[in-house]
Amino acid sequence: MSKLRLLFIKEGPAAYISHLDLLRTVQRAFPRTELDIKHSNGYHPHPIISIVLPLPVGQSSRCELLDFEVTQDTDGSGIAEKLNEGMPEGLRVLACYEAKRPVRELAALQAEVTFEYDNGVPENAAAKLKELFGREELIIQKRTKRKDMADVNIAPMILRAEWTEGESCLRCVALVQAQNPGLNPQLMEKAVERYAPELTPDFVRVRRMELLDAEGKIFR
């Protein structure tokens, strides 16, 4: 029996595939691999498949991870190529390998957050946002696991934020906590709405760039 991990890209039209639909998509592609996926026990067995850090709908990524178990002994060689034959546009498996590192070692994620402005970037916006996200306290309303809304200070979860100005947009390379607790980089917009409403963008795009451990090394 082997525990394997997929590294895959989710972008373009695939960015709008929900978490559950993504799992179903991968499950439908697995028969191409000729692997015997391990199932749970009980009256309603289901494949043991999990996305390491589910991506919010509408966001793209070049570093998604998916874990699964098979009854065979294999190192995952050739699996990525077989899966890609059945993947929809925007989903592409980059690698399949043995899952040796536990998910608890995943500490941070790096993302490109783009603030788009229909009427051009406000004056001195990059400098103002740099100052804003350097504060020790940024309180926003965030939904809890119980589906309630609560005040949360997201400032300690933002480990780094570097802003640059583009054409009608501001781009931020943000490093945020991935779990315990984790931060969705898109929630940075809520901090702007509360503390600097004049800089609120018309649209926000988020793309995950990399997953990191506590030492800042790439997590795979």
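User: Looking at R24, how exposed is that side chain: buried, partly exposed or exposed?
Analyst: R24 is partly exposed, at a relative accessible area of 41%. The cut-offs are under 20% relative accessible area for buried and over 50% for exposed, with partly exposed in between, using a 1.4 Å probe and protein chains only.

User: Before I go on, what am I looking at here?
Analyst: This is a predicted model, where local features need pLDDT of at least 70 and side-chain atom pairs count only at pLDDT 80 or more, while totals for chains, interfaces and linings use all residues. Residues are numbered from 1 along each chain as its sequence is written, and side-chain values use heavy atoms, with hydrogens and water left out.

User: OK, back to R24. What does its side chain meet in a salt bridge?
Analyst: D21, at 2.6 Å from N to O. A salt bridge here is a side-chain nitrogen of Lys or Arg within 4 Å of a carboxyl oxygen of Asp or Glu. D21 is partly exposed too, at 37% relative accessibility. R24 and D21 are three residues apart in helix 1 (residues 19-29), so about one helical turn separates them.

User: Which residues of helix 1 are buried?
Analyst: L22, L23, T25, V26 and A29. Seen down the helix axis, they fall within an arc of 160°, so they line one face of helix 1. That arc is taken from the directions that run from the helix axis to the C-beta atoms. On the face turned away from the buried side, L20 and R28 are exposed.

User: And what covers that buried side?
Analyst: The cover includes strand 1 (2-10), strand 2 (49-51), strand 3, helix 2 and strand 4 (91-98). Contact means heavy atoms within 4.5 Å.

User: Zooming out, how many helices and strands are there?
Analyst: The chain has four helices and ten strands. Those are DSSP runs, numbered from the N terminus: H or I with at least four residues for helices, E with at least two for strands. In sequence order the pattern reads β-α-β-β-α-β-β-α-β-β-β-β-α-β.

User: How much of the chain is buried?
Analyst: Of its 220 residues, 45% count as buried. Among contacts between residues at least 6 apart in sequence, 73% join residues at least 24 apart. The C-alpha atoms fill a box of roughly 60 × 35 × 35 Å along the principal axes.

User: Which residues touch the most other members in the largest nonpolar core?
Analyst: F115, L129, F133, W163 and L170, out of 42 residues in that core. Strand 5 gives the most to this core, with five residues. A nonpolar core means buried Ala, Val, Leu, Ile, Met, Phe, Trp, Tyr and Cys residues joined through side-chain atoms within 4.5 Å.

User: What does F133 touch?
Analyst: Leaving out residues up to four places away in sequence, F133 touches L138, I158, A161, W163, M188, A191 and V192. There's also a second, separate core of 24 residues, which includes F8, L22, L23 and F30.

User: What about helix 3, which of its residues are buried?
Analyst: In helix 3 (residues 125-132), A125, A126, L129 and L132 are buried. They cover an arc of only 125° around the axis, which puts them on the same side of helix 3. A127 and K130 are exposed on the other side. The cover over the buried residues includes strand 5 (106-116), strand 8 (158-166), strand 9 (169-177) and helix 4 (188-195).

User: How many salt bridges does the structure hold?
Analyst: There are 13. One of them pairs R205 with E116, at 2.6 Å from N to O. R205 lies in strand 10 and E116 in strand 5, so the pair ties together parts 89 residues apart in sequence. R205 is partly exposed at 44%, and E116 is partly exposed at 24%.

User: Last one: where does T74 sit?
Analyst: T74 is in the loop between strand 3 and helix 2 (79-84). Not counting residues up to four places away in sequence, T74 touches S2, L4, L35 and E98.
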